[in-house]
Amino acid sequence: MPAERAGYTVTMFLVDTSPSMGELRTVQLPPAPNGEERTTEITRLEWVLQFVKLKIQEMIYNGRKTDQCGVIVFGSEDTNNIINEQNGGYDNVFEYIPIAQPSAATLSKLDLLKATDNYGDPLDAIIVGVQTQATHLASKKTWTRKIVLVTDGESPIEVEDWEATVDKMNSLGVSITIVGVDFDSEDFGYIEDDKSKIKRANEAFYHEFISKTDHGVVGTCEEALQETARPDIKQTKSVLMGTLLRLGDVDTKPDEAIELTIKTSKCTAMSRPKSWKKFAMREAKPKEPSQDEDAEMDIDDDKAETAKVAYAQLKMRSEYYVEQGGETDAQSDVKMEDDDENLLGKGREKDKESRLPSEEERAPHLEKVEKEQLVRGFKYGTTYAPCPDGQFPRLDTRKGIDICGFFPAKNFRRELSMGEIQYVWADPGSAKQQAALSSIVQAMYEKDAMAIARWVTKDGMDPKMGVLAPVVWDEVDCLLWAQMPFADDVRKYTFASLDHLVNKKGETLTEHPFIPTEEQLDAMDNFVDAMDLMDAGEKDDEGLVSHLRNTNRALTLGIYRYRSPWFDTLESYNPSVHRTKQAMFHCAVTSDLSANPLPPPHPELLKYLDPPKRVLKRTRDSLEECKNTFKVKQVPKKVARTRKDGHAHAQDEDDMLLLEGKEPTLHQTMSEVQISQAPSLDKSKAKAGAGDSETEEEDEEDEEDLLLDKVQKPASTPPAASRDHQPLPTPARSMSPEVNPGRAPGRII
């Protein structure tokens, strides 16, 4: 599919509201939770409007200001169009929604459409749509023009001079799509038997009309709805970004260096689902504009001017507070809390009644601080390293791509490639630059070499290291940029050898339960061969071919129908992106999700989530062979080990004892102050940490024994004075300094 410019499109939707569009039809709904099939009755107009709204929702989803649309209704009770105002005629054709960027209000207004008692001429609607579009795009010759006509084919058509309309559309480059209710489609496999004479004649006219246009298609509504739900990737042109390519030292040795003007563009880009945002519904006062016009929805047609429902987005607001009082040492370190507690706590006077202060008592000690008064800091162990300027000085770098050297392409480690791939083109406006870059690409291609390069996007920005790979096509030569990691980014892990085993004496073992035998290797080879996906796709139409099929199991000569590979990257869609998109589209136009739940995902979205049945059937024998050879058995579920009965756990009521008689440690630097937080003594966290692994359990149990030996259980509750000298039993590893945080447990200021 050729790439087209994103946006810069005006689409005119022509909607038929004749009396026949009000007839009811049965539509299949998603199955109930118990699997029961469900159906509902809706009008023809409501059915075709589903297609129109899906198309408009696609424009809203993309959010481009240059992606615009308009709606024209034919068969309406009123007449209001650009041709009627100038020359008269073209009755019952109404410009329902002017051309503009669509919003949620556009969808809401479409829901108000109802079938009328008047008929309209579809050809008049096409002429009005083309003229309205041409008037709007008078000075925008490069914009794309589209027309979508939805009808049931029951309205009468005046077919005189329709060829002139086709010629006008072809001269303007207008593409047209006609979507009909229950139209015949051989590709879709649907033929309507009891078709009326006028509908049969109109349908034949639509096919003849489309055959004369340069860009046109006609189809049935059911097929159009299915194709709209299909995951679709719209290829767009990436913006060319200018930079420089340097080979050698252009400053000190300009005679031996090369500097080229190049352009870069995206080859691959990570696609992510739309982020969820929180909104609150509010009712705006009459005659007051809403702050978010895109989220306005009309409640009722009669009340549209007096009351509107608006959804306002909730936004996060940060306020900074410090606690007053306390003397600090300017040279002392600033203690840090957890990352989640970004607000900094302050010291307070000791509570004489040995209790935590309430929120009302603590509020007067808080003082609001403006963001401009704060100083950025970086973590430095358990302290902060303040940076008044907000960042440390950057490297003195220069914009451009510098080639550092070349290496054989066979030494390229593809698994280390990170990030997105970029095209590197020569300047399209300079033939000299194109010839120079092409010579570099051709030399690298002939030598089978790749280049190590450093890329700086802007002056003073951090550099990126990567490789440049040559690409030679029929009409153009270019380079591909792939970012590579620094030494700090590489994670190295070592594993024991699978086929080389040495005992304690230094002898190499050839037979051991950890070393696979020849029988096991053959069994696994057969299993891997059976899972080959290169011939697990659909059968090719070329027919039967004779070939040799060589596998590790046997050499077979036979006649097979050629099968294509099962997996194709261009047909593998991201379920997260498209399922989220489908849910957004459905919820935006559905008021009752219980009556009309979210439909199941499109089959194309689930195409590669399960292995092919052909492969599963082919691997049965080899899988059983692997089970028998490797003696695979089901491992029983491991039961969690229980702790010894003699271990004493800290009770919840003892938590206050740890905080009694302790004064908070106060440290301060500049305007950011924080109280070091005592480690949590929650027994549930201690149990979770102790159960991470079997080895940890054993080590901790030994440690617990040592702790229990040192703890003497008192016969009665000791006085408060002796509690400071006697440690409490704990399930954690060792006792930590107990510091009163000065606030209730778990509370964040």
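Q: Which strands close into the barrel, and in what order?
A: The model is predicted, and in it 7 strands close into a barrel in the order E9-E10-E19-E22-E21-E20-E18, with mixed pairing. Strands are DSSP runs of E, at least two residues, numbered from the N terminus, and two of them pair if DSSP finds at least two bridges between them. From one strand to the next the twist averages 40°.

Q: What packs on that sheet?
A: Helix H9 (residues 431–447), touching E9, E10, E18, E19, E20, E21 and E22. Its direction makes about 90° with that of E21. Touching is contact, heavy atoms within 4.5 Å; axes are lines fitted to C-alpha atoms, for helices over the stretch in contact, and angles run from 0 to 180 degrees between N-to-C directions.

Q: How do E9 and E10 pair?
A: Antiparallel, over 7 bridges. Glycine 242 has lysine 263 in E10 as its bridge partner.

Q: Switching topic: how much of the chain is buried?
A: 32% of the 749 residues. Buried means under 20% relative accessible area, exposed over 50%, partly exposed in between (1.4 Å probe, protein chains only).

Q: And where is valine 632, buried or exposed?
A: Valine 632 sits in the loop between helices H13 (620–630) and H14 (655–659); a helix here is a DSSP run of H or I, at least four residues. Valine 632 counts as exposed because its relative accessible area is 56%.

Q: Any caveats on numbering or cut-offs?
A: Residues count from 1 along each chain as its sequence is written. Local features need pLDDT of at least 70, side-chain atom pairs count only at pLDDT 80 or more, totals for chains, interfaces and linings use all residues, and side-chain values use heavy atoms, leaving out hydrogens and water.
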